[in-house]
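Dear colleague,

I am passing on the structure below, and after it you will find an account of what turned up in it. Please keep it open beside you as you read.

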Amino acid sequence: MGWVEKTNTAVAKSFVGRRFRLEFSGHRHERKGSRFLTEVRAGLATFFAMAYIISVNASIVSNTGGTCKCESSGDFEFTDAYCTNSSNPAYSAYIICSQEVNRDLVTGTAAIAALTSFCMGLFANMPIALAPGMGLNAYFTYQVVGFHGEGLVSYRLALTAVFVEGLIFVALSILGLRQWLARTIPSSLKIASGAGIGLYLALIGLTYSAGIGAITGSSGDPLELAGCVPALIGADGTCSSGKMRNPTMWLGIFCGGIFTAFLMMYRVKGAIIAGILLVSIISWPRDSSVTAFPHTPLGDASFDFFKKVVTFHPIQHVLVVQDWNITGSNAGQFAVALITFLYVDILDCTGTLYSMARFCGAIDEDTGDFEGSAVAYLIDAMGITIGSLFGCPPVTAFIESGAGISEGGTTGITACVTGLCFFISIFFAPIFASIPSWATGCTLILVGAMMARACTDINWRYIGDSIPAFLTLALMPFTYSIAYGLITGIVTYVILNVGAWLIAKASGGRIMPHDYEHKDYWTYKVRGGLLPGWVKRAAKGKRDFWREWDFDAEELTSRDSYAMAKKRGDGDRASGISISGGVGAMPVLDTVITGDRNWEPGNPHYSMDLNHEDEMGDLGYGSSSRR
């Protein structure tokens with residue numbers, strides 16, 4: 001036995017192993033295939049895949065100007081109130097202040113990512129890291145606050161809306177409404193959301209802001225081939241010349257993409273980390289064509305920050321700057337910001353968290369839920385509120401968590417390691433903030449490719465399921481929003497399927513859609529009900545209601561609950577089988593126990609009146625074996 005096996009075994013047998021349910025820990029719900037060192041490597045992979053958020057989020061949000069004020073005077077007071085004109089005498093002071101806000105946000109982003117990721121791993125035992133969300137930060141910056149504060153909502157008031165939104169999410173999570181929403185979304189839409197997030201991730205990896213810069217937006221075409229050096233990017237964001245000649249793009253493709261893909265083909269452990277590190281190390285020397293620190297004012301400032309290596313920058317401008325004057329003239333703006341963030345985040349955050357849980361195999365196909373979901377949603381919600389105190393836009397589960405999951409991460413140790421890395425990055429911000437976007441771009445594309453494999457599980461046989469699913473996965477990247485994709489899919493699903501149901505009722509069942517028997521079954525009466533388990537346990541008088549029953553009877557039907565409770569009182573607590581006659585006696589099964597599938601439609605032993613079968617077919621059961 002080598003040191004790797006010894007280390008994994010020792011940790012699995014320890015308190016840490018039982019807490020995180022590692023394999024061989026002896027926990028009855030241990031997660032098969034989980035190893036301590038694999039979890040550590042997965043946590044590092046997740047961190048390196050999403051480390052760009054430290055600098056990218058700070059760069060995007062600082063475009064709002066934060067709490068900086070444009071002190072324009074003279075004619076500029078009327079023509080350039082937001083310091084967008086470089087000839088304005090107040091422009092330089094404003095930009096310097098924005099740079100300080102940028103560095104404040106580097107610290108704030110790393111701090112909230114460290115706190116929420118570690119808590120997600122420790123309390124929810126999920127390999128999912130959190131940070132201010134890409135897309136959400138762009139929405140916060142350019143559509144709510146506006147460039148240099150040109151929007152209708154001020155930076156301070158927008159942070160107040162984010163703070164209140166987080167508290168509302170906490171209440172929804174405690175009451176189980178977010179879990180219920182995630183479980184009631186139709187199966188094909190949930191699968192499509194995971195694939196759509198994969199495409200969304202690939203799009204991020206192909207762009208300039210957080211990727212290799214192979215594509216860009218265009219005024220004529222929605223997307224256009226790019227790949228030119230930044231100096232050749234025109235005012236409209238397109239390449240005026242030199243397409244596909246940017247050396248950093250080719251470095252990212254071959255060293256961060258092809259090299260990593262080869263390592264993954266041969267199942268080399270740490271393939272994703274190796275690709276990111278290789279590109280970063282090549283890009284750090286300054287006098288090269290692929291340097292991350294060109295000889296420009298911005299490059300000089302970045303290199304000066306990089307040379308500090310170890311430093312701590314305290315938050316000075318954006319720490320607890322909420323504007324609580326939410327009455328009078330600010331009431332309308334606050335309400336608009338709050339409602340906007342609520343409807344975008346409730347689908348964006350919930351959809352992302354559910355998709356990552358599905359990607360790591362944690363979803364229970366019977367209930368449509370995952371272990372520790374209530375705690376996971378609660379941590380996500382509290383992270384939104386706490387993050388606003390650090391000056392950050394809404395925090396969400398990060399789709400780059402897929403990088404660590406693809407490395408084998410299945411427990412909360414992965415998220416804890418990622419959180420610790422973010423905590424260290426607070427003091428090593430010059431290093432971690434200097435990982436160039438082209439080092440992580442192809443990593444995002446590769447992870448997106450792995451997530452897109454879920455497309456094969458979509459029910460393509462029935463139009464009422466396939467069209468909404470396709471719109472969901474297509475509009476996520478095309479609108480650069482997870483929420484808009486889900487909204488479109490849900491609305492289309494309701495229109496098509498409610499319409500088909502009304503026609504069927506009006507015609508007495510004579511007019512039915514083609515292949516209706518292949519429709520995925522759906523009901524809003526999901527297993528487990530609307531209220532979370534802790535509410536039910538508290539209502540039943542369980543003192544430690546925050547702990548699950550040894551066998552959670554409220555998750556079963558009444559007949560199963562009685563049978564299992566009877567068995568629990570007499571015999572084996574784990575299996576629900578009564579044992580008699582001492583050692584070696586045969587187990588006695590005197591009634592239905594969990595695992596008996598005879599009651600399901602389509603089972604050979606199942607019997608039901610034909611009229612009832614027709615009713616079940618109307619609900620989407622039909623004669624197909626697909627459910």
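**What was found**

Cysteine 97 is buried, since its relative accessible area is 17%, where buried means under 20% relative accessible area, exposed means over 50% and partly exposed lies in between, with a 1.4 Å probe and protein chains only. Before going further, please note that this is a predicted model, in which local features need pLDDT of at least 70 and side-chain atom pairs count only at pLDDT 80 or more, while totals for chains, interfaces and linings use all residues. Residues are numbered from 1 along each chain as its sequence is written, and side-chain values use heavy atoms, with hydrogens and water left out.

**Confidence**

The mean pLDDT of the protein, pLDDT being the predictor's confidence in each residue from 0 to 100, is 79, and 85% of the residues score at least 70. Among the elements, helix 17 (residues 412-427) has the highest mean pLDDT, at 93, whereas helix 23 (residues 558-570) has the lowest, at 39; helices here are DSSP runs of H or I with at least four residues, strands are runs of E with at least two, and both are numbered from the N terminus. Two stretches call for caution: over residues 552-601 pLDDT stays under 50, and the model has 62 contacts beyond four places in sequence for them, a contact meaning heavy atoms within 4.5 Å. Over residues 605-627 pLDDT likewise stays under 50, with 38 contacts beyond four places in sequence. Where pLDDT is low, the predicted coordinates should not be read in detail.

**Overall picture**

The protein has 24 helices and six strands, and of its 627 residues 51% are buried. Taking the contacts between residues at least 6 apart in sequence, 71% join residues at least 24 apart. The accessible surface, computed by the Shrake-Rupley method with a 1.4 Å probe and, for residues, with only the protein chains shown counting as cover, comes to about 28,700 Å², and 64% of it belongs to carbon and sulfur atoms.

**Disulfides**

Because cysteine 68 sits in the loop between helix 4 (52-61) and helix 5 (76-79) while cysteine 97 belongs to helix 6 (residues 91-124), the pair ties together parts that are 29 residues apart in sequence. Cysteine 68 also counts as buried, at 10% relative accessibility.

Cysteine 70 is bonded to cysteine 83, again with S to S 1.9 Å, and the link is right-handed, with 85° about the S-S bond. Cysteine 70 is in the loop between helix 4 and helix 5, and cysteine 83, 13 residues apart from it, is in the loop between helix 5 and helix 6. Both of these cysteines are buried.

The sulfur atoms of cysteine 228 and cysteine 239 are 2.0 Å apart in a disulfide, which is left-handed, with -85° about the S-S bond. Both cysteines lie in the loop between strand 3 (223-225) and helix 11 (247-265), so the pair ties together parts that are 11 residues apart in sequence. Cysteine 228 and cysteine 239 are buried.

**Other places to look at**

Helix 6, which carries cysteine 97, has 34 residues and reaches 47 Å from its first C-alpha to its last, close to the 50 Å expected at 1.5 Å a residue, the expected span being 1.5 Å times one less than the number of residues.

Serine 401 lies in helix 16 (residues 401-406) and is buried, with a relative accessible area of 0%. A polar atom of its side chain lies 2.7 Å from the backbone oxygen of phenylalanine 398. Beyond its neighbours within four places in sequence, serine 401 is in contact with Thr46, Pro127, Ile128, Ala129 and Met356.

Leucine 177, in helix 9 (residues 177-184), counts as partly exposed at 33% relative accessibility. Its C-alpha atom is separated by 7.5 Å from that of leucine 531, which is 354 residues apart along the chain.

With best regards

Methods: Disulfide = S-S within 2.5 Å. Polar contact = N/O pair within 3.5 Å; in protein donor to acceptor, adjacent residues only side chain to side chain.
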